[in-house]
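Below is a short report on one protein chain and its ligand. Keep the structure open while you read.

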Amino acid sequence: MNPYFPTLFSPCKIGNVTIKNRICKAPQTTGLSHMDGSVSSRLVRCYEDLARGEVGMIIVEYAFVDRKYSKSASNQLGICDDEYIVGLGWLADTIKNLGSVPCIQIEHCGRQRFLGPPMKSASPNPWPLMYERYGRAAIPEELTIDEIHQLVEDFGRAALRAKTAGFQVVEIHGAHGYLITNFLSPFTNQRRDWYGGSRENRFRFLEQVFTRCKEYVGEDFPIIVRLSGTDYEPGGMTIDDTIYYAQRLEQLGCAAIDVSGGDHHQMIHQVTPMQLDRGHNVWAAEAIKKVVKIPVFATGSITQPDFAEEILASGKADFISMGRPLLADPYWAKKAQEGHPEDISPCIRCNEGCLDRGNHLGKSINCTMNPTLGFEDALAIRPADKVRKVAVVGGGPAGLKAADTAALRGHEVTLFEKRALGGWLHEASYPDFKADIRDALRYLVTQVNKHGVTVVEKEATAADLAGFDAVIVATGTTPAGLPVPGADRPNVTLAVDALKEGGVRPTGQVVVVGGGLIGVETAVLFSRQPDTQVTILEMLPQIMNGCSDCDKIVYGGWIQENGVQVFTSSKVVSIGEEGVTFEQRSRRGTVPADHVFLATGMKPNQALYEELLAQGVMVYNVGDSQAPGKIYDAVHSGYKAGLKV
Ligand SMILES: Cc1cc2nc3c(=O)[nH]c(=O)nc-3n(C[C@H](O)[C@H](O)[C@H](O)COP(=O)(O)O)c2cc1C
Ligand code: SF4
């Protein structure tokens, strides 16, 4: 029995296949396949780490089942033809050879086709994202009965290809707003034939797909199904619907139910960002587990091993299916198994790398916390050719990552920090709705302490750095302030100074100048306190520029809920007794203000870097002092400097 997480590391069966522990890699499209959907060496390399990392079962990302309309995204994996079996076999064997069970998800995208029109769906109602982009062309065509029959066959053949290739389990994608959910949910199914209307009718397509897959692979071969507990759509699929579907699937011989939630329109319920609760869809897994005997997977925002253990031990689910946490650290399971959860590079649910700079740009997957994702060999840590004395100035995320990476390569590293290690991560993680960032802070600090970095509490000058072979400057930023009359009044504070214990706690009329990420977070933080009325003044035509898609959805909702007033295209011209005066196009207005918070951007601190450069020192500038950015930019630039030095 594992002494640290006994339930998480106990074996369990799916059908007749034994899984060595309760950790499954949730399917996540990586964009690492070739353009035609065939397996690439980059894809295999990425999965190799997961298998080495002791994941019990790896559910390989969704694979499209036909050559017509099922493919959702660029460089998506394919399983639509027998010629794909060679590559799929390479992938399945790699996973199996390293001790994990290979499973693959088979999928048709339905109306959610990132590649754009044409789309096919249960009924002709469009996916809002594509409708905004393509208008009427994005209205999906309703599948004919003949086309439905063909797709049932396509799914069956795809399942057989998976088995032939060596996968030991197949997962049918019946969640997240793709074709099968287009049938299951009344939100997207308005058919009047025997595939629409009643629950039983809406289930018919999945029933036929499942049955045909079973016919192709045989009774003994386990097929599991991923379902959304609910799609969170108005008039959509309820948990009672999903309970019915799960029970019917069990009767048909389904080996397990993988319970997720949401669709791409309601993506915050599927890829829950840090502002929402952890384990966001565990309630649905628990509800389904109560009514079926087959194993049930809980998925979504289960980032830490103790939480995973608690879900399993309390009987809410039989397996934990993890996506983003295993992108942030493919060795998550191994580290937990060995009793070192503090070494897990944590997923902070920022969706910055995996979605905003990955899938959503039509690019392959990235991760804020794991710069090697997709570049496992090219960016691997290798011993330095020559051991150097390296100074890192600044202990924010960029400096911490640079110091740790350089130390892991064998350099003698000294890290100078004038404040607490972590830099702006302290302010960034201050609101409870951003508590996940505290995990990143803890992890980065733990790693430099473990890897022999000498920490000096001091603001380093060029003279302090004279004896070093190389210097990495990570001196961060300074708030830009606001050059207008009245900005020095006692009721005017920098927003970042409010984001700390003992910071200003305003009441009454609060004005936040600047509607970027810091401004909006400050505004929503204070708008949730009693006795405040918050206003945001933003110079640009819209707020939340550069924020992640999920941040925009969550904060947009909170701004409305809490009655925050927003003035865009509004330039502040003065602050006085009567409040904050601004110009909006040709008019002037004044908002009364008891407190004013400035969130007007950050300026990079580059003086030390320039001084060292002029002296001919081997120097690298990383993180915000290079260019103000996000945690992603800091971690990645710090890591790359640590590799170079
Ligand atoms: C980049 C990315 C790709 C995804 N691709 C798939 C997919 O191919 N199939 C699927 O069922 N879910 C997909 N998902 C959803 C995940 O499997 C998972 O349900 C979601 O990320 C929430 O779990 P987590 O908090 O453990 O990441 C994807 C999510 C992300 C972030
Ligand atoms: S980019 Fe952010 S949300 Fe995505 S896996 Fe990495 S840390 Fe998690």
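Strand β17 (residues 470-473) pairs with β28 through three bridges, in the parallel sense. This is a predicted model.

Strands of a sheet pair through backbone hydrogen bonds, and the pairing may be parallel or antiparallel. β23 and β24 (residues 579-584) run antiparallel and are joined by six bridges. Within this pairing, Ser574 stands opposite Thr581 of β24.

Now the whole chain. It has 20 helices and 28 strands. Its radius of gyration is 26 Å, close to the 26 Å that the globule rule gives for 645 residues, so the chain is as compact as a globular protein of that length. Along the principal axes, the C-alpha atoms fill a box of roughly 75 × 65 × 45 Å.

Next comes the ligand site. How many residues surround ligand 1? The shell holds 23 residues, and the closest are Pro27, Gln105, Arg226, Ser301 and Arg324. By class, nine residues of the shell are nonpolar, 12 are polar and two are charged. Two helices, α10 (324-328) and α12 (352-356), each supply at least two residues of this shell. Polar atom pairs between protein and ligand include those in the table.

| Residue | Protein atom | Ligand 1 atom | Distance |
|---|---|---|---|
| Tyr62 | backbone N or O | oxygen | 3.3 Å |
| Gln105 | side-chain N or O | nitrogen | 2.7 Å |
| Ser301 | polar backbone atom | oxygen | 2.6 Å |

How much of the ligand does the protein cover? On its own, ligand 1 has 610 Å² of accessible area, and the protein covers 97% of it.

Two backbone details deserve a look. Most residues other than glycine have a negative phi, and most peptide bonds are trans. Ser301 is not a glycine, yet it has a positive phi of about 60 degrees. Ser301 sits in the loop between β12 (296-299) and α9 (305-313).

Which two residues does a cis peptide bond join? The pair is Pro117 and Pro118, with omega at about 0 degrees. Pro118 lies in the loop between β6 (101-107) and β7 (120-121). Residue 105, the Gln whose side chain has an N or O atom 2.7 Å from a nitrogen of ligand 1, falls within the range of β6 (101-107).

Key. Residues numbered from 1 in each chain as written. Chains lettered and ligands numbered in written order. Predicted model: local features only at pLDDT ≥ 70, side-chain atom pairs only at ≥ 80, totals over all residues. Heavy atoms only, no water. Near = heavy atom within 4 Å. Polar contact = N/O pair within 3.5 Å; in protein donor to acceptor, adjacent residues only side chain to side chain. Areas by Shrake-Rupley, 256 points an atom, 1.4 Å probe, with all protein chains shown as cover. Helix = DSSP H or I, 4+ residues; strand = E, 2+ residues; numbered from the N terminus. Nonpolar A, V, L, I, M, F, W, Y, C, P; charged D, E, K, R; others polar. Pairing = 2+ DSSP bridges. Rg over C-alpha atoms; globule rule 2.2 N^0.38 Å.
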